[in-house]
Each structure stands twice: as structure tokens, then as C-alpha cells.
Amino acid sequence: MSFAIAISPHGHSQKSTSSVMRLTLLALVPAIGAQWYLFGWGVLLQLAITCVTALTAEAAVLRLRGYALLPSLRDSSALLTAALIAVAIPPLLPWWMTVLATAFAIVIAKQLYGGLGQNPFNPAMVGYVMLLVSFPVPMTTWLAPQAVSAQQLTVADTAAVIFKGKTNEGLNSYQLKTLVDGTTMATPLDHMKTETQRGHSVESAIALPHFSAISHDGWHWINLSFLAGGVMLFAFRLIPWQTPFAMLGTLAACSAIAHYLSPAHFVVPEIELLSGATMLGAFFIVTDPVTSSTTSRGRLIFGALVGGLVFLIRHFGGYPDGVAFSVLLCNILVPLIDKYSQSRVYGH
């Protein structure tokens with residue numbers, strides 16, 4: 001005879017908070033490596049900036065609150081937030097924007113609510129959205145993959161662009177965005193949104209010569225790297241299957257139905273799933289145990305809502321990608337989802 005227990009926490013995985021954070025950081029390594037290979041040294045420099053800023057901001061707030069520094073800094077939660085911001089922002093984003101987003105995520109989105117475990121919103125996504133709303137142009141200016149880029153940046157040139165705004169030769173980030181054929185770089189989702197708004201069909205947009213360079217040679221591999229990291233998280237038993245399954249399944253289903261009904265305006269599910277921040281969101285953001293649902297049915301509902309909102313924002317909103325906005329909107333609904341998705345109490 002078996003019975004269902006009410007919502008967590010009731011069991012223990014025998015993993016400490018610090019070990020969970022460090023294993024999650026380890027699962028991010030494939031994606032960081034893929035971004036470094038495709039986009040150059042800017043990814044690693046942004047990671048260094050976010051880590052230093054996160055630890056500094058965390059230490060400053062803990063000191064002001066009268067808490068011991070080492071126990072909180074050693075749990076690596078600030079480093080995980082920093083790493084998530086670093087892989088989400090463009091590699092050549094100005095350093096002060098990176099510092100602003102990271103400090104905002106730690107101080108406002110995390111510590112203002114009481115620290116780890118008390119925050120209702122995902123800190124990394126709060127920092128990212130703050131930048132995206134405030135500085136939309138630099139936040140959507142990505143480098144071309146190095147294999148098809150007209151400029152190959154050294155570490156010194158990359159640092160010069162991030163800290164001074166241009167390389168030692170005087171090239172700014174927009175000029176570095178150029179492909180070898182003279183066209184400018186755009187992410188696959190931005191490219192598709194722009195071309196369809198101009199009246200072009202999806203097929204004609206995909207047929208353009210540089211689409212394969214910005215999609216198959218770049219973002220597909222990045223999303224596959226995040227997928228590999230997600231498999232690692234499953235192997236470590238750190239994340240539930242319901243949330244990413246529901247998010248990706250809903251996004252794929254919406255994309256398949258829309259493409260079937262209007263193939264001229266909607267892409268196939270493969271492009272939808274392997275573009276933008278889809279896999280980052282599915283395995284590293286919506287699975288956050290603090291800001292997502294804690295019940296089995298609630299996780300399915302939460303993931304499905306995120307996936308549906310991502311599709312709606314991408315195709316009917318003002319931004320080409322909608323993962324961060326979708327996650328924050330659904331974070332608001334988590335208490336309501338948990339309330340109505342609890343298992344029936346034994347003996348009820």
C-alpha cells in the first residue's frame with residue numbers, strides 16, 4: 001500500500017547547496033566552450049567580469065546585513081548567477097553594462113528579498129531583462145561566428161572593445177558584426193523576425209546565403225551544448241524532468257501547429273528549439289528550485305506556460321526571443337500553481 005506525500009521538502013538528496021551549484025557550473029562548461037570557440041575571447045572576459053562583480057556585490061550586501069561572508073560566498077550561488085548572465089549576454093557588451101546587470105541581479109533580485117531561497121524571480125533573468133529593456137541595441141548585437149567573420153579578434157582586441165568601445169585599429173562592435181561577404185550579423189531569431197516583417201516568407205529567409213552561417217554554424221551548436229549540459233544535470237539528478245520536458249514539448253507543439261497552418265510565416269520546430277536561449281532556459285533557468293514550481297503537476301504546468309509564452313513573444317511580441325520574459329512572468333504564478341497542484345493529503 002502506497003500513498004502520496006504532500007509538497008516538498010520531505011526527502012533529502014544528500015547534496016549540499018554548494019555541491020549542487022558547482023555541479024551546475026560544471027554542466028555549463030560545454031556551452032561556455034562552444035561560445036568561446038564560435039565567438040572568441042569575449043565570452044571568457046565577460047565571465048570574469050560577472051564573477052568578480054557578483055562576489056563583490058554579494059560580499060558588500062552581506063556585510064551591510066551583518067552576515068558572515070565566507071559561508072554565503074562559498075555556496076557558489078553568486079558564481080552560478082554570474083555564469084548564467086555571462087552566457088546570455090553578447091560577448092562584446094560594454095563592461096559597465098555587464099557590471100550593472102550582475103550587480104542588479106545580486107543586490108536587487110536576490111539579496112533584497114532575503115538572499116538565496118527567498119527570491120521570487122530568477123536573479124540572472126532579472127539582470128538580463130533589465131539590460132534588454134534599457135539597452136536593446138547593444139544587447140542584440142552579437143558577433144558573427146569566427147569561421148565566417150571578416151575580423152578575427154585577439155584577446156587584446158577583445159578586451160579593448162569591451163573596455164574602450166573599439167579595437168586598437170579603431171573598429172567598433174558594429175563593424176566587427178560584419179560577415180566575410182559584407183552582410184551584417186544577426187541571430188537566427190532576429191533574422192527570421194526581421195525578414196518576415198518585411199513581407200518575406202520563411203522559406204526565402206532561410207534560403208539567404210548567410211542564414212546557415214548564423215544558424216547551423218553557430219546557434220545550433222550552442223543550444224546543443226546547453227542540451228549536453230542538461231543531460232549532465234539529469235545524470236547528476238539535480239533537475240526534475242517535468243519542467244524542461246513541458247517547456248520544450250509545448251514550444252515544439254506550438255511551432256509544429258503554426259508551421260502546418262502557415263508555413264510561410266512560421267519556422268519548423270527544429271529551428272525554434274535550437275535557436276536563441278531555448279536550451280539554456282529549459283535546463284538551467286526554468287529548473288531553478290527556488291523560483292519554479294515544487295510539485296510534479298505544477299512543474300508540468302509551469303514549463304508548459306513558459307514554452308507557450310516563448311512562442312507568443314517570439315512571433316507576436318516586440319523581441320525576437322522571449323525566454324527571459326516568459327520565465328519572469330511565470331515566476332509570478334508559481335505560488336498559485338503550487339496551491340492548486342498539490343497532491344491530495346492522505347486520509348482526505
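# Cores, rings and loops in a predicted model

User: Leaving aside neighbours within four places in sequence, which residues is Phe226 in contact with?

Analyst: Phe226 is in contact with Leu28, Ala31, Gln35, Val87, Met279, Leu280, Phe283 and Phe284, once its neighbours within four places in sequence are left aside, where contact means heavy atoms within 4.5 Å. This is a predicted model, in which local features need a pLDDT of at least 70 and side-chain atom pairs count only at pLDDT 80 or more, while totals for chains, interfaces and linings use all residues. Residues are numbered from 1 along each chain as its sequence is written, and side-chain values use heavy atoms, with hydrogens and water left out.

User: And which residues touch the most other members in the largest nonpolar core?

Analyst: Phe226 and Phe284 do, in a core of 70 residues. A nonpolar core here is a set of buried Ala, Val, Leu, Ile, Met, Phe, Trp, Tyr and Cys residues joined through side-chain atoms within 4.5 Å; buried means under 20% relative accessible area, exposed over 50%, and partly exposed in between, with a 1.4 Å probe and protein chains only. There is also a second, separate core of six residues, Cys51, Ala54, Ala82 and Ile106 among them.

User: Where is Thr53, and is it buried or exposed?

Analyst: Thr53 sits in helix H2, residues 42–65 (helices are DSSP runs of H or I of at least four residues, strands are runs of E of at least two, and both are numbered from the N terminus). Thr53 has a relative accessible area of 12%, so it counts as buried. Its side chain reaches the backbone oxygen of Ile49 at 2.8 Å, and, apart from neighbours within four places in sequence, Thr53 is in contact with Val99, Thr102 and Ala103.

User: How far does H2 reach, and what follows it?

Analyst: With 24 residues, H2 reaches 34 Å from its first C-alpha to its last, close to the 34 Å expected at 1.5 Å a residue; the expected span is 1.5 Å times one less than the number of residues. Gly66 follows H2, and the phi of Gly66 is positive, near 80°.

User: Which residues other than glycine have a positive phi, say near 70° or near 60°?

Analyst: Ser76 has a phi near 70°, and Arg237 has one near 60°. Ser76 lies in the loop between helix H3 (69–73) and helix H4 (77–88), and because its relative accessible area is 5%, Ser76 is buried. Arg237 is found in the loop between helix H12 (211–235) and H13, and at 73% relative accessibility Arg237 counts as exposed.

User: Switching to rings: how many aromatic pairs are there?

Analyst: The structure holds nine aromatic pairs. Rings of Phe, Tyr and Trp (its six-membered ring) pair if their centres lie within 6.5 Å, and planes under 30 degrees apart count as stacked, over 60 as edge-to-face and the rest as tilted. In one of these pairs, the rings of Trp36 and Trp41 have centres 5.5 Å apart and planes at 70°, so the pair is edge-to-face. Trp36 is partly exposed at 35% relative accessible area, and Trp41 is partly exposed at 34%.

User: What about Phe266 and Phe316?

Analyst: Phe266 and Phe316 form a tilted pair, 6.3 Å centre to centre with 55° between the planes. The pair links distant parts of the chain, 50 residues apart, with Phe266 in the loop between helix H13 (242–261) and helix H14 (269–273) and Phe316 in helix H16, residues 296–316.

User: Where is Thr287, and what does it touch?

Analyst: Thr287 is in the loop between helix H15 (278–285) and H16, and it is buried at 7% relative accessible area. Not counting residues up to four places away in sequence, Thr287 touches Ile239, Thr243, Pro244, Ala282 and Ser292. Thr287 also lies 7.1 Å from Pro240, C-alpha to C-alpha, although the two are 47 residues apart in sequence.

User: Last one: where is confidence lowest and where is it highest?

Analyst: Helix H11 (residues 202–207) is lowest, at a mean of 59, and helix H5 (residues 95–110) is highest, at 96; the score is pLDDT, the predictor's confidence in each residue from 0 to 100. Over residues 179–184 the pLDDT is below 50, and this stretch has 16 contacts in the model beyond near neighbours in sequence. Where pLDDT is low, the predicted coordinates should not be read in detail. The chain averages a pLDDT of 84, and 79% of the residues score at least 70.

Definitions and conventions. A polar contact is a pair of N or O atoms within 3.5 Å; within protein, one must be able to donate a hydrogen and the other to accept it, and residues adjacent in sequence count only if both atoms are side-chain atoms.
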